[in-house]
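Look over the sequence and the fold, then read the points below.

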Amino acid sequence: MIRFGHLDIDFDERVLRPRAWTARQSEWAAELSAGLPDGPMLELCSGAGQIGLLAASMTSRRLVCVDANPVACAFTRANAERAGLADLVEVRHGSMEHALDPDERFCLVIADPPWVPTAQVERYPEDPRTAIDGGADGMLVAEACLDTIDRHLSPDGSAVLQLGTAAQAARLREMVGDLRVQEIRDSPGEGVLVHLARAAESSMSGDPSGYRRAEGKVG
Ligand SMILES: C[S@@+](CC[C@H](N)C(=O)[O-])C[C@H]1O[C@@H](n2cnc3c(N)ncnc32)[C@H](O)[C@@H]1O
(Lines give C-alpha, C1' and ligand atoms only; values in the text may rest on other atoms or scores of the structure.)
Protein backbone atom coordinates (compact mmCIF):
# COMPACT_ATOMS: atom_id res chain seq x y z
CA MET A 1 0.00 0.00 0.00
CA ILE A 2 1.25 3.49 -0.82
CA ARG A 3 -0.06 7.01 -0.25
CA PHE A 4 -0.82 8.76 -3.56
CA GLY A 5 -2.11 12.29 -3.01
CA HIS A 6 -4.77 11.76 -0.35
CA LEU A 7 -5.55 8.20 -1.50
CA ASP A 8 -4.29 4.84 -0.22
CA ILE A 9 -3.35 2.71 -3.24
CA ASP A 10 -2.75 -1.02 -3.17
CA PHE A 11 -0.52 -2.73 -5.74
CA ASP A 12 2.01 -5.54 -6.06
CA GLU A 13 4.87 -6.59 -8.32
CA ARG A 14 2.49 -7.55 -11.16
CA VAL A 15 1.71 -3.87 -11.85
CA LEU A 16 3.81 -0.72 -12.04
CA ARG A 17 4.64 0.78 -8.64
CA PRO A 18 2.83 4.14 -8.34
CA ARG A 19 5.24 7.05 -8.89
CA ALA A 20 4.62 10.06 -6.65
CA TRP A 21 5.36 12.67 -9.34
CA THR A 22 2.49 11.39 -11.50
CA ALA A 23 0.01 12.99 -9.09
CA ARG A 24 0.81 16.08 -11.21
CA GLN A 25 -1.03 14.40 -14.08
CA SER A 26 -4.13 14.02 -11.88
CA GLU A 27 -3.79 17.64 -10.73
CA TRP A 28 -3.42 18.96 -14.28
CA ALA A 29 -6.45 16.96 -15.39
CA ALA A 30 -8.44 18.42 -12.48
CA GLU A 31 -7.25 21.91 -13.39
CA LEU A 32 -8.42 21.44 -17.00
CA SER A 33 -11.68 19.85 -15.85
CA ALA A 34 -12.87 23.13 -14.39
CA GLY A 35 -13.14 24.63 -17.89
CA LEU A 36 -14.74 21.64 -19.58
CA PRO A 37 -18.37 20.58 -20.02
CA ASP A 38 -19.90 17.93 -17.79
CA GLY A 39 -19.23 14.35 -18.78
CA PRO A 40 -17.16 11.31 -18.01
CA MET A 41 -13.40 11.08 -17.96
CA LEU A 42 -11.36 8.31 -19.60
CA GLU A 43 -8.09 6.87 -18.30
CA LEU A 44 -6.01 4.79 -20.73
CA CYS A 45 -3.31 2.47 -19.33
CA SER A 46 -4.62 2.92 -15.81
CA GLY A 47 -2.50 0.32 -13.99
CA ALA A 48 -3.54 0.27 -10.33
CA GLY A 49 -5.73 3.27 -11.16
CA GLN A 50 -4.22 5.90 -8.91
CA ILE A 51 -3.83 8.72 -11.46
CA GLY A 52 -7.43 8.55 -12.62
CA LEU A 53 -8.83 7.90 -9.15
CA LEU A 54 -7.06 10.97 -7.74
CA ALA A 55 -8.41 13.05 -10.64
CA ALA A 56 -11.91 11.64 -10.09
CA SER A 57 -11.74 12.48 -6.40
CA MET A 58 -10.84 16.07 -7.27
CA THR A 59 -13.43 16.53 -10.03
CA SER A 60 -16.30 14.19 -9.09
CA ARG A 61 -16.45 13.18 -12.76
CA ARG A 62 -17.35 9.63 -13.71
CA LEU A 63 -14.22 7.69 -14.70
CA VAL A 64 -13.77 4.86 -17.20
CA CYS A 65 -10.43 3.07 -16.68
CA VAL A 66 -8.93 0.81 -19.36
CA ASP A 67 -5.97 -1.53 -18.95
CA ALA A 68 -4.82 -4.65 -20.76
CA ASN A 69 -3.61 -6.28 -17.52
CA PRO A 70 -6.41 -8.02 -15.56
CA VAL A 71 -4.42 -7.75 -12.31
CA ALA A 72 -4.18 -3.98 -12.78
CA CYS A 73 -7.94 -3.83 -13.34
CA ALA A 74 -8.59 -5.77 -10.11
CA PHE A 75 -6.37 -3.35 -8.18
CA THR A 76 -8.17 -0.38 -9.71
CA ARG A 77 -11.55 -1.76 -8.60
CA ALA A 78 -10.27 -2.40 -5.08
CA ASN A 79 -8.58 1.00 -4.89
CA ALA A 80 -11.75 2.73 -6.08
CA GLU A 81 -13.75 0.90 -3.43
CA ARG A 82 -11.30 1.88 -0.68
CA ALA A 83 -11.39 5.52 -1.80
CA GLY A 84 -15.19 5.58 -1.71
CA LEU A 85 -15.23 6.18 -5.47
CA ALA A 86 -16.66 2.86 -6.69
CA ASP A 87 -19.93 4.48 -7.79
CA LEU A 88 -18.00 6.86 -10.08
CA VAL A 89 -15.62 4.32 -11.59
CA GLU A 90 -16.01 1.71 -14.34
CA VAL A 91 -13.00 -0.50 -15.02
CA ARG A 92 -12.64 -2.21 -18.41
CA HIS A 93 -10.11 -4.95 -18.97
CA GLY A 94 -8.75 -5.05 -22.51
CA SER A 95 -6.58 -3.28 -25.01
CA MET A 96 -7.67 0.29 -25.58
CA GLU A 97 -8.42 -0.47 -29.24
CA HIS A 98 -11.28 -2.78 -28.21
CA ALA A 99 -12.48 -1.48 -24.84
CA LEU A 100 -14.55 1.45 -26.09
CA ASP A 101 -17.70 1.67 -28.16
CA PRO A 102 -17.13 3.62 -31.37
CA ASP A 103 -19.61 6.32 -30.38
CA GLU A 104 -18.30 6.92 -26.84
CA ARG A 105 -16.95 10.45 -26.27
CA PHE A 106 -15.03 11.89 -23.31
CA CYS A 107 -14.26 15.53 -22.60
CA LEU A 108 -11.25 14.64 -20.46
CA VAL A 109 -8.72 11.86 -21.13
CA ILE A 110 -5.70 10.76 -19.09
CA ALA A 111 -3.19 8.43 -20.74
CA ASP A 112 -0.10 6.82 -19.24
CA PRO A 113 1.32 4.39 -21.82
CA PRO A 114 4.52 2.40 -21.42
CA TRP A 115 7.24 4.72 -22.76
CA VAL A 116 10.58 3.00 -22.11
CA PRO A 117 12.38 2.05 -25.38
CA THR A 118 12.63 -1.74 -25.64
CA ALA A 119 16.45 -1.64 -25.56
CA GLN A 120 16.30 0.03 -22.12
CA VAL A 121 13.70 -2.09 -20.31
CA GLU A 122 16.39 -4.26 -18.70
CA ARG A 123 17.35 -1.21 -16.63
CA TYR A 124 14.10 -1.63 -14.71
CA PRO A 125 14.05 -5.29 -13.64
CA GLU A 126 11.56 -4.60 -10.86
CA ASP A 127 8.92 -3.32 -13.30
CA PRO A 128 6.59 -5.63 -15.30
CA ARG A 129 7.76 -5.52 -18.89
CA THR A 130 4.24 -5.02 -20.28
CA ALA A 131 3.91 -1.90 -18.12
CA ILE A 132 7.03 -0.17 -19.40
CA ASP A 133 7.97 -1.50 -22.86
CA GLY A 134 7.02 1.18 -25.36
CA GLY A 135 8.59 -0.44 -28.43
CA ALA A 136 11.71 0.59 -30.33
CA ASP A 137 11.48 4.32 -29.61
CA GLY A 138 9.15 4.10 -26.62
CA MET A 139 6.31 5.65 -28.61
CA LEU A 140 4.42 2.57 -29.83
CA VAL A 141 1.66 2.51 -27.19
CA ALA A 142 1.69 6.32 -26.94
CA GLU A 143 0.76 6.37 -30.62
CA ALA A 144 -2.09 3.96 -29.94
CA CYS A 145 -3.22 6.32 -27.16
CA LEU A 146 -3.17 9.23 -29.60
CA ASP A 147 -5.29 7.21 -32.01
CA THR A 148 -7.77 6.38 -29.21
CA ILE A 149 -7.85 10.00 -28.04
CA ASP A 150 -8.46 11.14 -31.59
CA ARG A 151 -11.39 8.74 -31.88
CA HIS A 152 -12.99 9.41 -28.50
CA LEU A 153 -12.17 12.97 -27.38
CA SER A 154 -15.20 15.24 -27.57
CA PRO A 155 -14.78 18.31 -29.80
CA ASP A 156 -13.98 20.70 -26.95
CA GLY A 157 -12.17 18.14 -24.77
CA SER A 158 -8.67 17.94 -23.35
CA ALA A 159 -6.26 15.07 -22.84
CA VAL A 160 -3.16 14.79 -20.65
CA LEU A 161 -0.69 12.22 -21.98
CA GLN A 162 2.42 11.07 -20.13
CA LEU A 163 5.71 10.41 -21.91
CA GLY A 164 9.23 9.74 -20.66
CA THR A 165 11.39 12.49 -22.09
CA ALA A 166 11.32 15.90 -23.72
CA ALA A 167 12.66 14.22 -26.87
CA GLN A 168 9.59 11.99 -26.99
CA ALA A 169 7.38 15.04 -26.51
CA ALA A 170 9.22 16.71 -29.39
CA ARG A 171 8.51 13.66 -31.56
CA LEU A 172 4.85 13.92 -30.62
CA ARG A 173 4.84 17.53 -31.81
CA GLU A 174 6.01 16.38 -35.23
CA MET A 175 2.93 14.21 -35.77
CA VAL A 176 0.22 15.92 -37.74
CA GLY A 177 -3.54 15.47 -37.67
CA ASP A 178 -6.62 16.47 -35.71
CA LEU A 179 -4.97 16.84 -32.33
CA ARG A 180 -2.70 19.65 -31.23
CA VAL A 181 -0.11 20.00 -28.49
CA GLN A 182 -1.33 22.79 -26.22
CA GLU A 183 1.35 22.70 -23.52
CA ILE A 184 4.19 20.49 -22.32
CA ARG A 185 5.23 20.23 -18.67
CA ASP A 186 8.60 18.56 -18.14
CA SER A 187 9.63 17.03 -14.82
CA PRO A 188 13.27 16.27 -15.69
CA GLY A 189 14.40 12.83 -14.61
CA GLU A 190 10.82 11.78 -13.96
CA GLY A 191 8.67 12.25 -17.04
CA VAL A 192 6.81 14.65 -19.29
CA LEU A 193 3.13 15.58 -19.44
CA VAL A 194 1.53 16.78 -22.67
CA HIS A 195 -1.82 18.60 -22.90
CA LEU A 196 -3.62 17.76 -26.14
CA ALA A 197 -6.77 19.23 -27.59
CA ARG A 198 -8.41 19.20 -30.97
CA ALA A 199 -6.69 21.52 -33.43
CA ALA A 200 -9.87 23.53 -33.95
CA GLU A 201 -10.05 24.24 -30.22
CA SER A 202 -6.38 25.22 -29.88
CA SER A 203 -5.72 28.66 -28.45
CA MET A 204 -1.95 28.41 -28.94
CA SER A 205 -1.18 30.23 -32.17
CA GLY A 206 1.80 29.37 -34.30
CA ASP A 207 2.00 25.77 -33.16
CA PRO A 208 1.86 23.63 -36.31
CA SER A 209 1.88 20.31 -34.48
CA GLY A 210 -0.95 17.87 -34.42
CA TYR A 211 -1.58 14.18 -34.53
CA ARG A 212 -1.53 11.93 -37.57
CA ARG A 213 -3.80 8.95 -36.98
CA ALA A 214 -1.67 5.86 -36.33
CA GLU A 215 -1.72 3.38 -39.16
CA GLY A 216 -0.73 0.41 -37.02
CA LYS A 217 -2.56 -1.19 -34.14
CA VAL A 218 -1.11 -2.25 -30.83
CA GLY A 219 -2.50 -5.50 -29.56
C1 LIG B 1 3.31 2.84 -17.59
S2 LIG B 1 2.07 1.70 -16.98
C3 LIG B 1 1.03 2.90 -16.18
C4 LIG B 1 0.20 2.36 -15.09
C5 LIG B 1 -0.34 3.42 -14.12
N6 LIG B 1 -0.96 4.52 -14.83
C7 LIG B 1 0.76 3.91 -13.19
O8 LIG B 1 1.14 5.08 -13.26
O9 LIG B 1 1.21 3.12 -12.36
C10 LIG B 1 1.25 1.30 -18.50
C11 LIG B 1 0.01 0.44 -18.39
O12 LIG B 1 -0.51 0.30 -19.71
C13 LIG B 1 -1.09 -0.97 -19.85
N14 LIG B 1 -1.17 -1.23 -21.31
C15 LIG B 1 -0.15 -1.49 -22.17
N16 LIG B 1 -0.61 -1.58 -23.43
C17 LIG B 1 -1.96 -1.38 -23.38
C18 LIG B 1 -2.99 -1.35 -24.34
N19 LIG B 1 -2.76 -1.55 -25.66
N20 LIG B 1 -4.27 -1.10 -23.94
C21 LIG B 1 -4.54 -0.90 -22.62
N22 LIG B 1 -3.59 -0.92 -21.65
C23 LIG B 1 -2.32 -1.14 -22.02
C24 LIG B 1 -0.21 -1.89 -19.05
O25 LIG B 1 -0.88 -3.07 -18.65
C26 LIG B 1 0.19 -0.98 -17.86
O27 LIG B 1 -0.67 -1.18 -16.77
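**Overall fold**

Residues 24 or more positions apart supply 69% of the chain's contacts with a separation of 6 or more; a contact means two C-beta atoms, placed from the backbone, within 7 Å. The model is predicted: local features need pLDDT of at least 70, side-chain atom pairs count only at pLDDT 80 or more, and totals for chains, interfaces and linings use all residues. Residue numbers start from 1 along each chain as its sequence is written.

- The chain has six helices and nine strands. These are DSSP runs numbered from the N terminus, with helices (H or I) of at least four residues and strands (E) of at least two.
- Along the principal axes, the C-alpha atoms fill a box of roughly 45 × 40 × 30 Å.
- Of the 219 residues, 46% are buried. Buried means 20 or more other C-beta atoms within 10 Å of the residue's own, exposed means 12 or fewer, and partly exposed lies in between, with C-beta atoms placed from the backbone.

**Ligand shell**

- The ligand has 25 residues around it, and C45, G47, A68, N69 and D112 come nearest. A residue counts as near if its C-beta atom, placed from the backbone, lies within 6 Å of the molecule or strand.
- Elements that give two or more residues to this shell are β4 (63–67), α4 (129–132) and α5 (140–152).
- Helix α4 gives the most, with three residues.
- The shell divides into 17 nonpolar, six polar and two charged residues. Ala, Val, Leu, Ile, Met, Phe, Trp, Tyr, Cys and Pro count as nonpolar, Asp, Glu, Lys and Arg as charged, and the others, Gly among them, as polar.

- Five of the five residues of β4 are buried, so the strand is largely enclosed by the rest of the structure.
- L63, C65 and D67 point one way from β4, and V64 and V66 point the other way.
- In a regular strand the side chains alternate between the two faces of the sheet.
- Strand β3 (residues 41–44) runs parallel to β4, joined by four bridges. Strands pair if DSSP finds at least two bridges between them.
- L44 has V66 of β4 as its bridge partner.

- Strands β8 and β9 pair in the antiparallel sense over eight bridges.
- R185 is bridged to L193 in β9.
- Three residues lie between the strands of this hairpin, where G189 takes a positive phi near 85°.

**Helix α1**

- Q25, S26, A29, L32 and S33 are the buried residues of α1.
- Seen down the axis of α1, they fall within an arc of 125°, so they line one face of the helix. The arc is that of the directions from the helix axis to the C-beta atoms.
- An α-helix has 3.6 residues a turn, so residues three or four places apart point the same way.
- The cover over the buried residues of α1 includes α2 (50–59), β6 (106–111), β7 and β9.

**Helix α6**

- Q168, A169 and L172 are buried in α6 (residues 166–174).
- They cover an arc of only 100° around the axis, which puts them on the same side of α6.
- A167 and E174 are exposed, on the face of α6 turned away from its buried side.
- Among the elements covering the buried residues of α6 are β7 (153–163), β8 (179–187) and β9 (191–198).

**Loop residues**

- Most residues other than glycine have a negative phi, and most peptide bonds are trans.
- C45 is not a glycine, yet has a positive phi of about 65°. It lies in the loop between β3 and α2. C45 is buried, with 28 other C-beta atoms within 10 Å.
- S60, also a residue other than glycine, has a positive phi near 60°. It lies in the loop between α2 and β4. S60 counts as exposed, with 10 C-beta neighbours inside 10 Å.
- R17 lies in the loop between β2 (7–9) and α1 (23–33). R17 counts as partly exposed, with 15 C-beta neighbours inside 10 Å.
- R17 and G47 are 30 residues apart along the chain, and their C-alpha atoms are separated by 8.9 Å.
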